[in-house]
Amino acid sequence: MNLFATAQLPPGVVLQRGVARDPAIIAALETVIAAAPLRTMITPRGPMSVRMTNCGSLGWVSDASGYRYAPADPATKLPWPPIPDALATLARRCAEDAGFPEFYPDACLINQYTPGAQMGLHQDRDERDFAQPIVSVSLGLPARFTIGGETRKHATFDIELEHGDVVVFGGPARRMYHGVKRIAPGHHPLLGARRLNVTFRRAG
Ligand code: MD3
Ligand code: FE
């Protein structure tokens with residue numbers, strides 16, 4: 001069982017600081033990125049500043065026509081790489097420690113932020129079953145992560161996420177608006193001038 005600080009966080013948000021510091025996690029991510037390179041996805045509102053790829057049987061993709069989960073990488077038409085064991089084990093353990101012992105992710109989205117990149121306030125609602133949580137792993141440069149409520153108007157607050165931090169969003173937190181403020185310049189000893197965020201989802 002991991003110890004974590006839950007003070008101040010809304011119901012359903014479980015923060016597990018520093019539980020993803022094993023360098024094997026980065027090595028596993030590098031194998032995925034080698035097979036399915038990070039790329040700029042286009043949204044109906046324009047190109048994203050974050051570069052993305054996926055592993056698992058489904059991957060989140062976006063183009064000018066909209067967002068969806070897809071079984072193949074649109075760049076190569078090949079299936080996304082499988083979720084490496086080191087990542088699957090981490091996701092299952094973190095979900096279990098947050099009260100979700102039956103979490104079987106089929107989609108793993110990898111986001112790469114370089115300084116200046118950000119992600120606007122949004123909801124994750126392309127997944128089939130909102131009873132399933134999302135497990136988020138932050139690596140590399142720190143980020144200021146914004147959490148709001150179930151509507152865009154709701155008051156927001158920020159938490160600072162650092163290398164190795166995991167957040168599980170389940171239950172009432174699953175539909176909360178969230179975003180990432182512009183990443184500040186910096187250097188991380190393992191990842192250099194970048195932040196990787198890995199989200200595990202049950203999409204299908
Ligand atoms: C809260 N990524 O990829 S992960 C995303 O740091 C995304 O790259 C951010 O938002 C990042 O969609 C934040 C944390 C996260 C993910 C899903 C959530 C927070 C969430 C779903 C519901 C509520
Ligand atoms: Fe999101």
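The legends below describe close-up views of a predicted model.

Local features were taken at pLDDT of at least 70 and side-chain atom pairs at pLDDT 80 or more, while totals for chains, interfaces and linings use all residues. Residues are numbered from 1 along each chain as its sequence is written, chains are lettered from A and ligands numbered from 1 in the order written, and side-chain values use heavy atoms, without hydrogens or water.

**View 1. The iron site.**
His122 (NE2), Asp124 (OD) and His178 (NE2) coordinate the iron ion (ligand 2) at 2.0 to 2.2 Å. Donors are N, O and S atoms within 2.8 Å of the metal (3.2 Å for Na, K and Ca); water is not among the atoms, so sites may look incomplete. The sequence spacing of the donor residues is H-x1-D-x53-H. His122 belongs to strand E7 and His178 to strand E12, so this pair ties together parts 56 residues apart in sequence. Helices (H or I, at least four residues) and strands (E, at least two) are DSSP runs, numbered from the N terminus. His122 is partly exposed, at 21% relative accessibility. His178 is buried, at 16%. Buried means under 20% relative accessible area, exposed over 50%, and partly exposed in between (1.4 Å probe, protein chains only).

**View 2. Arg174 and its polar partners.**
Arg174 sits in the loop between strand E11 (165-169) and strand E12 (178-180). Its relative accessibility is 5%, so Arg174 counts as buried. The Arg174 side chain makes a polar contact with the side chain of Glu127, at 2.7 Å. A polar contact is a pair of N or O atoms within 3.5 Å; within protein, one must be able to donate a hydrogen and the other to accept it, and residues adjacent in sequence count only if both atoms are side-chain atoms. A polar atom of the Arg174 side chain also lies 3.1 Å from the backbone oxygen of Gln132. Beyond neighbours within four places in sequence, Arg174 is in contact with Asp124, Glu127, Phe130, Gln132, Pro133, Ile134 and Phe169. Contact means heavy atoms within 4.5 Å.

**View 3. Asp126 beside Trp60.**
Asp126 is placed in the loop between strand E7 (119-122) and strand E8 (134-140). Asp126 is partly exposed, at 35% relative accessibility. Its side chain makes a polar contact with the side chain of Trp60, at 3.1 Å. Not counting residues up to four places away in sequence, Asp126 touches Trp60, Tyr67 and Tyr69. Val137 is 11 residues from Asp126 along the chain, and their C-alpha atoms are 20 Å apart.

**View 4. Helix H1 against helix H2.**
The axes of H1 (residues 23-35) and H2 (residues 85-97) come within 8 Å and cross at roughly 125°. H1 is therefore oblique to H2. Axes are lines fitted to C-alpha atoms, for helices over the stretch in contact, and angles run from 0 to 180 degrees between N-to-C directions. Angles under 35 degrees count as roughly parallel, over 145 as roughly antiparallel, 65 to 115 as roughly perpendicular and the rest as oblique. From H1, Ala24, Ile25, Ala28 and Leu29 meet Ala86, Leu87 and Leu90 of H2.

Phe103 lies in the loop between H2 and strand E6 (107-113). Phe103 is buried, with a relative accessible area of 1%. Its contacts, leaving out residues up to four places away in sequence, are Ala91, Arg92, Ala95, Gln132, Pro133, Val135, Phe200, Arg201 and Arg202. Phe103 and Val135 are 32 residues apart in sequence, with their C-alpha atoms 9.6 Å apart.

**View 5. Ser138 in strand E8.**
Ser138 is part of strand E8. Its relative accessibility is 1%, and Ser138 counts as buried.

Ile183 is found between E12 and strand E13 (195-201). Ile183 is buried, with a relative accessible area of 4%. Residues that Ile183 touches, beyond four places away in sequence, include Tyr113, Pro115, Leu141, Pro142 and Arg195.

**View 6. Lys77 on the way to H2.**
Lys77 occupies the loop between strand E5 (66-70) and H2. Its phi is near 65°, a positive value in a residue other than glycine. Lys77 is exposed, with a relative accessible area of 68%.
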